[in-house]
Amino acid sequence: MPSAHVDTFARDHLPPPDQWPTLRFELPALNFPPQLNCAWELLDRQVEQGRGDRPCILAPGLRWTYRELQDRADRIAYVLVHDMGLVPGNRVLLRAPNNPMLAACWFAVMKAGGIAVATMPLLRAKELQAIVEIGQVTHALCDARLADDLLQVQASHPALSQLKLFNGSEAADGKSLEAAMARHPAPFVNANTAADDTCLLGFTSGTTGVPKATMHFHRDVMAICHCWPPHVLRPTADDIFIGSPPLAFTFGLGGLLLFPMAVGAQAVLLEKAGPEQLFDGIQQFGATVLFTAPTSYRKLALQGPALRGGTLRKCVSAGEALPAATRALWREATDIELIDGIGATEMLHIFISADEATARPGATGKAVPGYRAEVVDEQGQPVPDGTVGQLRVQGPTGCRYLDDARQARYVRDGWNYTGDAYWRDADGYFHYHARTDDMIISAGYNIASPEVEDALMQHPAVADCGVVGVPDEERGQIVKAYVVLRPGHVGDEALMRTLQDFVKQTVAPYKYPRAIRFVNELPRTATGKVQRFLLRSTHG
Ligand code: 3UK
């Protein structure tokens with residue numbers, strides 16, 4: 001397949017062929033032509049086929065049709081190529097909260113044949129610097145309100161020579177991205193990218209470690225649009241998507257940009273998407289499909305009854321295990337059954353899930369059509385149903401770390417090992433157990449943090465919690481719970497004992513938290529995951 005990349009950095013840093021996962025293209029929709037540009041598939045095609053005047057991107061005070069988004073993306077693509085000297089294959093860092101200009105910039109990079117490196121708004125100079133170095137980033141498009149940290153990085157990284165700011169104040173001089181866009185009115189002719197040209201670097205640091213870049217192709221972007229959405233979510237062109245994950249997190253990129261556009265639907269982009277903003281946004285825009293993390297559903301559920309009988313019809317939870325108690329809480333509040341799905345940056349999106357009709361409390365679901373999943377032992381042999389083992393998956397997408405020795409850990413024998421311990425039941429449902437590195441061993445017992453968290457979460461006083469193992473002379477480790485209480489409850493000795501007894505009655509008594517600490521908030525990553533390593537270290 002002829003690559004469009006003039007800058008061959010991505011191709012030169014793919015993992016060695018023997019370390020690639022086996023890729024499966026078993027659904028008819030996954031027969032991709034050799035040349036493919038995902039911006040044409042998701043954006044230009046909608047306009048070409050007569051849907052240009054349908055609404056596409058919504059934000060407070062703004063509504064862009066598909067044609068308007070295409071016009072912005074075309075102009076930005078011109079700016080990248082003509083004014084900023086981009087050649088296909090260059091890496092373009094994107095930095096902004098979820099907003100329409102970020103969406104336009106993302107499609108502009110696809111059109112120009114560049115490689116999008118979207119970054120979380122919360123990242124600071126130190127983290128951005130690591131990304132710029134690993135991805136050898138040469139270009140950047142940045143929301144003016146978040147420019148400071150990036151300008152700091154640029155000062156010490158001359159290779160990042162091309163940077164333009166957008167969403168700045170009116171008074172900005174003629175150097176802004178918008179000013180440059182105004183000079184390029186013509187339609188842009190997309191780069192003729194190969195289906196296997198890299199189009200995005202997804203950064204992941206897990207919950208602790210050194211960041212690594214996952215490499216995904218134009219083909220991968222389309223593959224995820226053809227697997228989980230049509231088979232599990234089943235959205236229509238009339239849906240209005242809304243949610244919290246940043247577009248820099250592939251959960252958000254899929255849920256809030258790719259999947260709505262793949263069916264000609266609309267997406268609401270909110271710069272701030274905490275529970276209050278989500279609640280207001282759902283009502284203001286009449287949103288029908290919601291994407292957010294379990295912790296956000298727990299908070300939103302407090303206002304859930306006001307959403308009952310409203311526009312919302314599908315609610316997707318991912319990023320962290322969904323406790324059965326949270327599923328029940330959301331159903332009781334809103335009458336809506338959550339759609340759980342496990343995805344990973346390495347796999348690009350969700351590969352095990354269940355729709356609202358077939359969801360089973362406590363289970364994530366079954367392998368998404370297009371994917372295969374297995375639970376295996378240390379030797380890679382499938383374990384019997386009901387036995388906990390390591391989850392491994394295969395499908396049309398898979399892990400390719402950019403020049404990183406950890407490739408050989410994530411991909412073994414052609415399978416992607418996600419780092420999760422799972423068990424499968426007799427009906428083929430996969431049940432989350434723990435991260436393989438999150439097992440607590442106390443007095444010889446193996447205890448998975450989520451089991452204890454699930455038990456605690458069933459108690460009416462508990463709003464949220466995180467469980468870790470902390471060192472103990474006698475037992476090696478003991479189970480310690482960090483608990484956020486619901487309003488109206490006092491974290492005293494008596495409640496501590498109540499919670500301990502409650503856990504003992506819910507799961508095997510040896511799993512009960514010997515230590516409990518009440519906190520106002522749990523430390524979480526920008527992607528909504530509890531940072532257990534922080535609970536283990538800093539909180540003692
Ligand atoms: C955990 C889950 C249980 C699991 C992601 C949807 O989370 C995403 O990607 P990350 O790279 O993390 C991957 C890891 O997160 N996890 C995610 N979802 C679930 N555990 N139940 C779930 N439903 O440990 C996994 O290995 O940040 C999620 C779509 C795209 C994504 N990138």
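**Cysteines and a helix pair**

Visitor: What makes the sulfur of Cys 227 too far from the closest cysteine sulfur for a bond?
Guide: The closest cysteine sulfur, in Cys 225, lies 9.4 Å away. A disulfide needs a pair of cysteine sulfur atoms within 2.5 Å. By that rule the count is 0 disulfides. Cys 142 is in none either: its nearest cysteine sulfur, that of Cys 105, is 9.8 Å away.

Visitor: What do these values rest on?
Guide: This is a predicted model, where local features need pLDDT of at least 70, side-chain atom pairs count only at pLDDT 80 or more, and totals for chains, interfaces and linings use all residues. Residues are numbered from 1 along each chain as its sequence is written, and side-chain values use heavy atoms, leaving out hydrogens and water.

Visitor: Why is Cys 227 called buried?
Guide: Its relative accessibility is 0%. Buried means under 20% relative accessible area (exposed is over 50%, partly exposed in between; 1.4 Å probe, protein chains only). Cys 142 has 0% too, so it counts as buried.

Visitor: How do the axes of α2 and α3 cross?
Guide: Helix α2 (residues 38-51) and helix α3 (residues 66-83) cross at roughly 135°, with axes coming within 9 Å. Axes are lines fitted to C-alpha atoms over the stretch in contact; angles run from 0 to 180 degrees between N-to-C directions. Helices are DSSP runs (H or I, at least four residues), numbered from the N terminus.

Visitor: Why is α2 called oblique to α3?
Guide: Under 35 degrees is roughly parallel, over 145 roughly antiparallel, 65 to 115 roughly perpendicular, and the rest oblique. The angle of roughly 135° therefore makes α2 oblique to α3.

Key
Helices (H or I, at least four residues) and strands (E, at least two) are DSSP runs, numbered from the N terminus.
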